[in-house]
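Please keep the structure open while reading.

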Amino acid sequence: MSFGFLGIQFGFALQGGFMSRIFQTLGAEVDDIPGLWIAAPLTGLLVQPIIGYLSDNTWSPKFGRRKPFFLIGAILASITLFFMPHSPALWIAAGLLWVLDSSINISMEPFRALVADKLPESQRSNGFVIQTLIIGIGTWIASNLPWLVNKLGVSNEADAGVIPQSVVVAFSIGAFVFFTSILYTIFTTKEDPPVDLEKFKSEKKESRFITDLFQSLKEMPSTMKKLGLIQFFSWFAFFTMWSLSTPALTEHVFNSPKPDVKEYAQLDNEGKELKDSNKKVLFLNDVKEQEYKAKDKVYNNAADLVGSATGVYGLSSMAFALLLTFYTMKNKINRKYIHMASLILGGLGFVYMFYATPSTLMYSFILIGFAWGSILSMPYAMLSSSVNPNKMGMMMGLFNMFIVIPQIIAALGGINYLYKLIGEAHINAMLLAGLSLIIAGLCNFFITDKNAISG
């Protein structure tokens, strides 16, 4: 049932781990990168409540309730993943990110609702933890793909402004895995019809999206609002990591920043690089060209290693999920305190990045993985115990507001403004992420609903 999350996470990990690298390669300044990422939260804000509503009000004896949305999202996301690293210009890559994130959203939230649809209350913690286990596997493999294909002989070097072939191959593999894993879930999972099918059909005829949206907002449980506060600080932290970890860590930990091609190339009167008939950058001389290529190779090697280190958080989230899976099979857990401790540990992992070396950076991501594993399971387990099961898709979609709003704030300048209060160096963005995640952990004290806490 949850196997399709492997593919979704391939897409999500490649997007999270390498879009900033693609943006930098195509000429983006570091402080402009969070703004280019705004596609991700905006599409989530617009798409997920609509998809949740539609999947709540869909039933086909042949295709089911959630599965049609899995398939549509998988087709669109796979196509976009394939074409993304072929982007010839920055604006095209930014535009494709809109399509990619929309497509992943179309598949993802119905998967969350499927677990709540299929499993009884007593098994939901276990179900969401199993999803986290599969997500962890996908994160680790996908984050290591550019490094792995480079080790297999595919070059990670390219001309100025051209995305390395190792990244192109990695995204193509991701597209294949995304599509095939979703198909596996579609063909092997049977969805149950609504308990009272006639009542469902009657309510479907009477339902109206805007009316239902405002009614659901009005009926939003107190626990959901409190979880929203936790989600706000949690996802602000992770958006900061996805958008700025590559430039921050290549600069601070590996001392290998992306070289600015304008310092080595011939420029026109507007300060743009001159290019020949084959659209290759014209350098000042051969020495400058070789100097640029040497520094760019060091940067690409460092970016591969940052990607691999990032994948470690997938492994540690997988270990987190395994431990919880075995424990929840026979025991109840206190979701509140597990989530609190995990987020605080993740926050400390971000802070440790400031002191990390290339050989110790993985310890930061091990701690971050505990937070990530909890973020992907505990809030949803607590939420599913607090909302109307007939509106599970809509509520899961609305819950996504607490994920995307902090990311929109971050993308529109929140990250750049706040991290510069600490210092100008990009590594300070990771300290900001750590502080945000620790605050998220402490906000768990607000959760008091016993049904949400125990599971």
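In this predicted model, helix α10 passes helix α17 in a left-handed crossing. The axes of α10 (residues 222-252) and α17 (residues 428-442) come within 8 Å and cross at roughly 160 degrees, which makes α10 roughly antiparallel to α17, since angles over 145 degrees count as such.

**Contact of α10 with α17**
- On the α10 side, the contact is made by Ile230, Phe233, Ser234, Phe236, Ala237, Phe238, Thr240, Met241, Leu244, Ser245 and Ala248.
- On the α17 side, the residues that make the contact are Ala429, Met430, Leu432, Ala433, Ser436, Leu437, Ile439 and Ala440.
- Sorted by class, the contact of α10 with α17 has 15 nonpolar, four polar and no charged residues.

**Nonpolar cores**
- The largest nonpolar core has 104 residues, of which Phe23, Phe238, Phe365 and Trp372 touch the most other members.
- Helix α10 supplies the largest share of this core, with 13 residues.
- A second, separate core consists of seven residues, among them Ala160, Val261, Ala265 and Phe283.

**Trp372 and Gln9**
- Leaving aside neighbours within four places in sequence, Trp372 is in contact with Gln9, Phe12, Ile135, Thr139, Trp235, Phe238, Trp242, Tyr313 and Ser317.
- Gln9, whose place is in helix α1 (residues 4-25), has a relative accessible area of 3% and is therefore buried, the cut-off being under 20%.
- With neighbours within four places in sequence again left aside, Gln9 is in contact with Ile135, Gly138, Thr139 and Trp372.

Technical notes. Residues numbered from 1 in each chain as written. Predicted model: local features only at pLDDT ≥ 70, side-chain atom pairs only at ≥ 80, totals over all residues. Heavy atoms only, no water. Axes fitted to C-alpha atoms, helices over the stretch in contact; angles between N-to-C directions. Helix = DSSP H or I, 4+ residues; strand = E, 2+ residues; numbered from the N terminus. Parallel < 35°, antiparallel > 145°, perpendicular 65-115°, else oblique. Left-handed = near helix turned anticlockwise from the far one by under 90°. Contact = heavy atoms within 4.5 Å. Nonpolar A, V, L, I, M, F, W, Y, C, P; charged D, E, K, R; others polar. Core = buried A, V, L, I, M, F, W, Y, C linked by side-chain atoms within 4.5 Å. Buried < 20%, exposed > 50% of the residue type's maximum accessible area, 1.4 Å probe, protein only.
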